[in-house]
Amino acid sequence: MVQGDGALSDREKFSMARVLSPARPRKLAKVPFVELADGRLQGVVSSGSDIGRVYVSSVAAGSFVFACSTNNNRPCGGARGMFCNHILTMINEAVLQYGATRVARYLRVETDPEPTGQAIASAMSATAPAQGDSGAAATVFSQFLRHLAYLELPPTTAPLPEMQWFPPTRTVV
Amino acid sequence: MRADLLAEPIAGLDEALAAVDGGDQALTAGLLRPQPAQVAALTGLADALAGSPLAGRVAEAVDKIAAGAAGEDHFLAVAAARTALLGSVHDALSARVDEATGRPHAEPAAPEPGAEVSPNLLAAARSWLADLARAGWRGLDHDLVSGSAPVISAMLPDPAPRRLAALLDGFAAELAASCPGAGIDQVPARRWGDLWSRALVLTLPGALGGAPGGTATGRLLPLGVDLHEHGTAAQAQVHAVLEPADGSTPRLVRASVSVPKPDTVLGAGLWQLLRPHLSLLAAAGDGRSMDVEAMPVTAEGDLVWDEERARPGAPADPFVTARVVLPTAATPPVAPLDRHPARLAVPVFLEGYTTDKDGDAIGVTVAGHRLPVDLDRVPVASPLTPAAVASSGACLGLLRWDAGTFSVQPLAVETVVKKKAVAVHAGAWAGGTTDKNGVKAEKAATDAVTVLRERAGRLLRK
Ligand SMILES: [Zn+2]
């Protein structure tokens with residue numbers, strides 16, 4: 001029998017309720033970093049020609065206002081009035097990492113229940129979104145550096161009892 | 001194991017959990033300007049603590065919250081009340097598990113002194129947690145959640161407050177993904193109440209736990225590997241039996257290793273990050289024992305691993321350990337603050353059961369009582385499949401409890417593959433593998449880390 005039934009529903013009563021689906025593995029060479037944060041889909045896209053250069057791309061949830069510039073804050077030549085290839089690549093990689101449903105839900109894009117990256121991009125393009133300034137680029141780039149810095153943090157062999165709340169999961173939430 | 005005992009009701013458990021639910025309902029709505037329903041729920045929480053040393057503090061906190069005049073100390077009292085109630089639930093469950101396993105439980109030990117952590121950092125964490133309590137889960141927004149980022153970034157480089165940093169990091173990621181709070185379908189109220197109250201209690205001076213007080217010398221017989229992960233952290237825990245060199249009673253111990261990670265390092269990538277710092281992972285994967293000498297150990301039976309104090313030992317089959325040594329091994333006590341049902345992970349050995357499979361759900365029926373199998377906790381990079389569990393005849397696992405139900409997380413099973421009896425271990429790939437799928441996963445993970453390190457090398461030090 002199950003003890004502990006009351007006013008809360010099932011998901012509400014589990015200490016181990018799964019809130020986030022695990023990210024899915026993907027190749028990182030083209031888009032080393034992508035995230036759904038600060039009300040935007042944002043990421044860093046490697047330049048095809050210059051190994052020392054990256055593009056910082058973003059699309060805002062709801063308005064689909066987009067921006068793309070280099071890490072040295074030069075505007076992207078491709079993002080003139082429409083999504084550049086960096087943004088399109090970023091959307092596809094976000095779909096690989098998070099699943100299309102989560103990406104579409106976060107961006108508030110109305111598409112099929114099981115959209116593709118391409119369908120999400122087309123649905124946003126069709127609204128003729130405005131091009132934003134590159135104001136967010138510095139924030140996104142510093143988020144990327146923060147993300148990379150996780151590789152440099154020291155391990156510990158002291159126990160972390162709180163990690164008991166974070167089991168692996170194969171379940172898609 | 002007396003599995004039947006696990007199905008019997010526990011006196012007072014429903015009442016304690018109902019009081020916890022009350023606190024969680026109030027936290028869902030927010031404590032800034034609580035409605036009468038939330039005040040009533042909080043009063044229920046306070047009433048449940050009547051007669052305990054916390055009673056006065058909690059009652060006062062509820063009054064202040066009801067008057068819209070609560071501060072951090074009052075939120076802390078709510079967190080402490082919740083922690084105490086779930087502590088009592090833990091104790092009742094733990095006593096029941098002891099009856100079921102028939103194994104001895106060691107006496108509680110004196111608490112060890114806490115780690116030194118910057119008071120400013122702890123205060124900053126507390127301040128963010130208080131903001132969360134005021135807004136409630138329904139009031140979550142991106143600005144509120146991102147307030148945790150500077151605290152976490154400042155805390156992560158120092159291993160001393162890593163418990164709190166890893167908790168806040170995983171918690172904040174869940175909150176961020178759930179914004180705005182008003183749009184959440186079903187708030188995971190118990191879970192976030194747990195994470196919030198634990199984090200808040202850990203900001204108290206001395207709560208983080210400190211240097212281990214004892215040492216262990218003897219033979220370590222691994223039972224299996226338990227993996228924990230969220231987007232930006234991973235921890236592996238090896239459960240083992242320690243046979244002390246002085247001939248005293250064998251006891252259950254754990255050895256842990258954890259590391260922060262980018263969220264794109266996954267699957268086999270976790271083993272790659274963890275394995276260089278805990279040789280016991282490879283030993284557990286290969287079915288070998290290890291000998292330890294003066295290895296630091298906490299009162300809770302957590303070895304704080306130091307490679308200098310360990311060397312490889314003779315082969316040791318975990319199933320032999322489970323059959324021969326485990327039944328007499330003593331369970332170490334739990335630190336007062338760590339008493340929570342989610343913390344129960346008790347090594348058990350099951351055999352002579354039948355299995356049932358319905359879609360993804362598998363259960364084992366032991367002596368007439370069914371236990372659900374928690375397959376979701378098996379690492380992604382592991383050869384232990386649902387099919388192997390469904391066809392198994394013996395299982396070494398961790399007994400867990402959540403939302404009213406015991407379940408068993410498989411660490412290893414004995415099954416028959418191509419007419420041959422084999423053991424399949426959840427942590428078999430922890431130390432590396434020659435399995436075809438395992439090798440592929442290792443290669444993909446290596447590539448991901450190589451790209452990130454290359455990018456970090458070019459961009460991070462500019
Ligand atoms: Zn571009």
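Trainee: Which residues are the protein donors of the zinc ion, and what makes them donors?

Mentor: They're C68(A), C76(A) and C84(A), each through SG, plus H86(A) through ND1. A donor is an N, O or S atom within 2.8 Å of the metal (3.2 Å for Na, K and Ca). These atoms lie 2.1 to 2.4 Å from the zinc ion, so they meet the cut-off. Water is not among the atoms, so sites may look incomplete.

Trainee: Before we go on, what am I looking at?

Mentor: This is a predicted model, where local features need pLDDT of at least 70, side-chain atom pairs count only at pLDDT 80 or more, and totals for chains, interfaces and linings use all residues. Residues are numbered from 1 along each chain as its sequence is written, chains are lettered from A and ligands numbered from 1 in the order written, and side-chain values use heavy atoms, without hydrogens and water.

Trainee: How are the donor residues spaced in sequence?

Mentor: The spacing is C-x7-C-x7-C-x1-H. C68(A) sits in strand β4 (residues 66-70) of chain A and C84(A) in the loop between β4 and α2 (85-98), so this pair ties together parts 16 residues apart in sequence. Helices (H or I, at least four residues) and strands (E, at least two) are DSSP runs, numbered from the N terminus.

Trainee: Are C68(A) and C84(A) buried or exposed?

Mentor: Both are buried. That word means under 20% relative accessible area, while exposed means over 50% and partly exposed is in between (1.4 Å probe, protein chains only). In chain A, buried residues make up 53% of the 173 residues.

Trainee: What makes up the fold of chain A?

Mentor: Five helices and four strands, in the order α-β-β-β-β-α-α-α-α along the sequence.

Trainee: On to chain B. Which domains does the assignment give?

Mentor: Domain 1 (3-202), domain 2 (214-328) and domain 3 (336-425). The bounds come from an automatic or database domain assignment.

Trainee: How much area is buried between domain 1 of chain B and domain 3 of chain B?

Mentor: About 1800 Å², with carbon and sulfur atoms giving 70%. Buried area is the accessible area (1.4 Å probe) that two parts lose on being put together, summed over both. L6(B), H90(B) and L93(B) supply 28% of what domain 1 of chain B buries against domain 3 of chain B, more than any other three residues.

Trainee: Why do R198(B) and D338(B) count as a salt bridge?

Mentor: The term needs a side-chain nitrogen of Lys or Arg within 4 Å of a carboxyl oxygen of Asp or Glu. Their closest N and O atoms are 2.9 Å apart, so the pair qualifies. The count between domain 1 of chain B and domain 3 of chain B is three salt bridges.

Trainee: Why is A367(B) called exposed?

Mentor: A367(B) has a relative accessible area of 64%, so it is exposed. A294(B), at 25%, is partly exposed.
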